[in-house]
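Welcome! Please take a moment to look over the sequence and the structure below before reading on.

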Amino acid sequence: MKIKVFRSPRLLLATVAQGRTILRGFGFLFRARKLLALGVFAGALALGAWIFPHDHALLAKIHIWRGDQEDLARRIAWFLGTWGDYPTYNVPLALAIWLYGVGTKSSAWRRIAVICFLGATLAGLFDDLFRLTLGRARPDAPVPDGFYGITYAFSGGFQSFPSGHAAAVFGTAAALIVTDLPLGLLTTVFALGVVWARMELDRHYPSDVVVGSIIGVYFGLMVGFGAKLRRSRPLNRARPSSDESLRGKSLHS
């Protein structure tokens, strides 16, 4: 009589192992490309500083709808902004992909789920280093625009720069662009809708979403390419060279 083994613990352990491997690949790539990281973050801050003086004018141009169209636009924006958040979008999406991998018995899809999750998580955590210390007032906050520091940063109206929504959704989208292009393109379209929604609802300025998006794209790409790097290196080491294969054949002939 065959005994069926409960596979969930095995799958969870395998997923954790995949996550560790992907993080090692990300760490290796990050250390090997330190100047790239410095350039990306410096460029993002420079671009944000350049946009900053024009934030109010640019935000006013985003509100192009009037009357019933404005009501419809804000309802759509509310939907995208609410369901495009980390706990309501990034985590459920990664879980859905992982469950699909479990159902189809596909290790590749479970791995994509881990990459998707890590891209959003790392981008969001890095984004929070600034969002929760700079304390920029949101556009709808009843105070003048500015950076109020860490004292105010844990209040809801002072977490505008950079956008956490933008970092998380583009962290997922960029990671999926590398690992599954059709799904990556679909999530990129959704990410663009989310960053528009956050501005339409007066929750972020343009500079907030631009810098947040750059952070998300950087971490998503680094996780995606880091995962590919860690996957290919063991295969290259394990594969014998042509000379070694010929020597092996001659010994057995």
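This is a predicted model: local features need pLDDT of at least 70, side-chain atom pairs count only at pLDDT 80 or more; totals for chains, interfaces and linings use all residues.

**The chain as a whole**

- You will find eleven helices here and zero strands.
- Read from the N terminus, the order of elements is therefore α-α-α-α-α-α-α-α-α-α-α.
- Of the chain's 253 residues, 42% count as buried.
- Take the contacts between residues at least 6 apart in sequence: 74% of them join residues at least 24 apart.

**How α5 and α6 meet**

- Helix α5 covers residues 86-103 and helix α6 covers residues 107-134.
- Their axes come within 7 Å and cross at roughly 165°.
- Angles over 145 degrees count as roughly antiparallel, so α5 and α6 are roughly antiparallel to each other.
- The crossing of these two helices, α5 and α6, is left-handed.

**Who makes the contact**

- On the α5 side, the contact is made by Tyr86, Asn90, Val91, Leu93, Ala94, Ile97, Trp98, Tyr100, Gly101 and Val102.
- On the α6 side, the partners are Trp109, Arg110, Ile112, Ala113, Cys116, Phe117, Ala120 and Thr121.

Note on methods. Residues are numbered from 1 along each chain as its sequence is written. Side-chain values use heavy atoms; hydrogens and water are left out. Axes are lines fitted to C-alpha atoms, for helices over the stretch in contact, and angles run from 0 to 180 degrees between N-to-C directions. Helices (H or I, at least four residues) and strands (E, at least two) are DSSP runs, numbered from the N terminus. Angles under 35 degrees count as roughly parallel, over 145 as roughly antiparallel, 65 to 115 as roughly perpendicular and the rest as oblique. A crossing is left-handed if the near helix is turned anticlockwise from the far one by less than a right angle, and right-handed if clockwise. Contact means heavy atoms within 4.5 Å. Buried means under 20% relative accessible area, exposed over 50%, partly exposed in between (1.4 Å probe, protein chains only).
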